[in-house]
Amino acid sequence: MAIEVGEKVTGKVSGITNFGAFIDLGDHRTGLVHISEVSDGFVKDIHDVLKVGDEVTVKVLKIDGSKISLSIRKASDSHHEESSHEGHGRHESHENHDSHEHRGGHSHNSSNHNAHSGNHPESFDDMMSGFLKESEDRLSTLRKNTEGKRGGRGGRRS
């Protein structure tokens, strides 16, 4: 019986280590399920999930000579698809959260840009003075935050 990548096969747990479980696939062939491929959730101790002699359905991830990489969590399509969608959703919301913070920090700047791209209500000198004031405010905030954290010589300079 030839085993191919992507195929789902049934086997028995023949050994458990701290990094995964060995699965007897029959025909004197054994594959390894890494601990990260045992379950959708975090697995601290593989003994909590599998025992020697358990019959499991696995998906063949990779065949490299005599080494066969297997996955239990990818063998059940519904679990894999749900977890990938959930993870993707969390990632998107995290990105959105970051971009809102980023926009919030530069709201004054973006309003200047919008005003500038409109009918040019501000002169160049007005925009430059606004930029310089904003820049000085940011620099003074940075100085306040970093002066207390500096060690050694120098201290505060006025």
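In which sense do β1 and strand β4 (residues 55-64) pair, and over how many bridges? The tour below, through a predicted model, begins with the whole chain and then comes to this pair.

**The whole protein.** Display all 158 residues; buried residues make up 18% of them. The protein has 3 helices and 5 strands, and from the N terminus on its elements run β-β-β-β-β-α-α-α. Among contacts between residues at least 6 apart in sequence, 53% join residues at least 24 apart.

**The barrel.** Select the strands next. The 5 strands close into a barrel in the order β1-β2-β3-β5-β4, with mixed pairing. Neighbouring strands of this sheet are turned against each other by 50° on average, direction ignored.

**Strand β1 and its partners.** Select residues 8-17, which form strand β1. To answer the opening question, β1 and β4 pair in the antiparallel sense over 5 bridges. Within this pair, G11 stands opposite V56 in β4.

**The hairpin of β4 and β5.** Finally, select residues 67-71, strand β5, together with β4; the two pair in the antiparallel sense over 5 bridges. The bridge partner of D64 is K67 in β5. Which residue of this hairpin takes a positive phi? It is G65, with a phi near 70°, in a hairpin that has 2 residues between the strands.

Key: Residues numbered from 1 in each chain as written. Predicted model: local features only at pLDDT ≥ 70, side-chain atom pairs only at ≥ 80, totals over all residues. Heavy atoms only, no water. Pairing = 2+ DSSP bridges. Helix = DSSP H or I, 4+ residues; strand = E, 2+ residues; numbered from the N terminus. Axes fitted to C-alpha atoms, helices over the stretch in contact; angles between N-to-C directions. Buried < 20%, exposed > 50% of the residue type's maximum accessible area, 1.4 Å probe, protein only. Contact = heavy atoms within 4.5 Å.
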